Amino acid sequence: MAGTKVLRSLLHELRLASHSPGKIKDSLAARYILAQYKKYETTDQQLCKARDEAIFLGQTYLTYLTSLRKYNELYKEYHGSGERTVKETADLVGFKLPTDPK
């Protein structure tokens, strides 16, 4: 993944994780990420191992933020809120209950 793509993905995940309606540029985390990105920016004539390490670290943080968001979505969907009926449980796991012909 290129550095710019990692940066854009990180900012996207921060935007999704943000609870405030303000701009993402105002957040401390986004400012820190942008500062680190500018710090390790290289030209075509430079070879910088630290930039590769920074991209790897960015990918690691991106994976963490994405996994945390997905975990919270699954937790909200499947966390028990008391007792469920048999029909709700069957719908949850994808089963159909038999119908009583009367």
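Reader: How many helices and strands does the secondary structure of the chain come to?

Author: This is a predicted model. From the N terminus on, its elements run α-α-α-α. The secondary structure therefore comes to four helices and zero strands.

Reader: What share of the residues in the chain is buried?

Author: The chain exposes about 9,000 Å², and carbon and sulfur atoms supply 57% of that area. A residue counts as buried under 20% relative accessible area. Of the 102 residues in the chain, the buried share is 16%.

Reader: Is glutamate 13 buried or exposed?

Author: Glutamate 13 is found in helix H1, residues 3-17. Leaving aside residues up to four places away in sequence, glutamate 13 touches Leu62, Leu65, Thr66 and Arg69. Its relative accessible area is 6%, and the cut-off is under 20%. Because of that value, glutamate 13 is classed as buried.

Reader: With which residue does glutamate 13 form a salt bridge?

Author: Side chains of opposite charge can pair when their charged atoms come close. For glutamate 13, the closest N and O atoms of the pair are 3.0 Å apart, inside the 4 Å limit for a salt bridge. The partner in this salt bridge is arginine 69.

Reader: How many residues apart in sequence are the parts that glutamate 13 and arginine 69 tie together?

Author: The salt bridge joins glutamate 13 to arginine 69. Glutamate 13 lies in helix H1 and arginine 69 in helix H3 (residues 49-78), so the parts tied together are apart in sequence by 56 residues.

Reader: Which residues do salt bridges that share partners join into one network?

Author: The structure holds three salt bridges. In one of them, the side chains of aspartate 91 and lysine 87 meet at 3.2 Å, N to O. In another, glutamate 73 meets arginine 69 at 3.5 Å, N to O, and arginine 69 also pairs with glutamate 13. The network made through shared partners consists of Glu13, Arg69 and Glu73.

Reader: What separates aspartate 91 and lysine 87 in helix H4?

Author: Aspartate 91 is partly exposed, with a relative accessible area of 47%. Helix H4 covers residues 86-93, and aspartate 91 and lysine 87 are four residues apart in it, so their separation is about one helical turn.

Reader: Which element gives the most to the lining of the largest pocket?

Author: About 470 Å³ of space lies in the largest pocket. Of the 21 residues that line the largest pocket, the closest to its centre are Leu10, Ile33, Gln36, Ala54 and Gly58. The elements giving two or more residues to this lining are H1, helix H2 (28-39) and H3. With nine residues, the element that gives the most is H3.

Reader: How many nonpolar residues are in the lining of the largest pocket?

Author: By class, the lining of the largest pocket has three polar and three charged residues. Its nonpolar residues number 15.

Reader: How many charged residues are in the lining of the second largest pocket?

Author: The second largest pocket has a volume of about 240 Å³. Among the residues lining the second largest pocket are Glu13, Arg69, Glu73 and Lys76. H1 and H3 each give two or more residues to this lining. The lining divides into four nonpolar and two polar residues, and the charged ones number four.

Notes. Residues numbered from 1 in each chain as written. Predicted model: local features only at pLDDT ≥ 70, side-chain atom pairs only at ≥ 80, totals over all residues. Heavy atoms only, no water. Buried < 20%, exposed > 50% of the residue type's maximum accessible area, 1.4 Å probe, protein only. Areas by Shrake-Rupley, 256 points an atom, 1.4 Å probe, with all protein chains shown as cover. Contact = heavy atoms within 4.5 Å. 1 Å grid on protein atoms, 1.4 Å probe; cavity = no way out; pocket = protein on both sides within 12 Å on 5 of 7 lines; lining within 4 Å. Points joined across faces, edges and corners; volume = space filled by probe spheres on them. Nonpolar A, V, L, I, M, F, W, Y, C, P; charged D, E, K, R; others polar.
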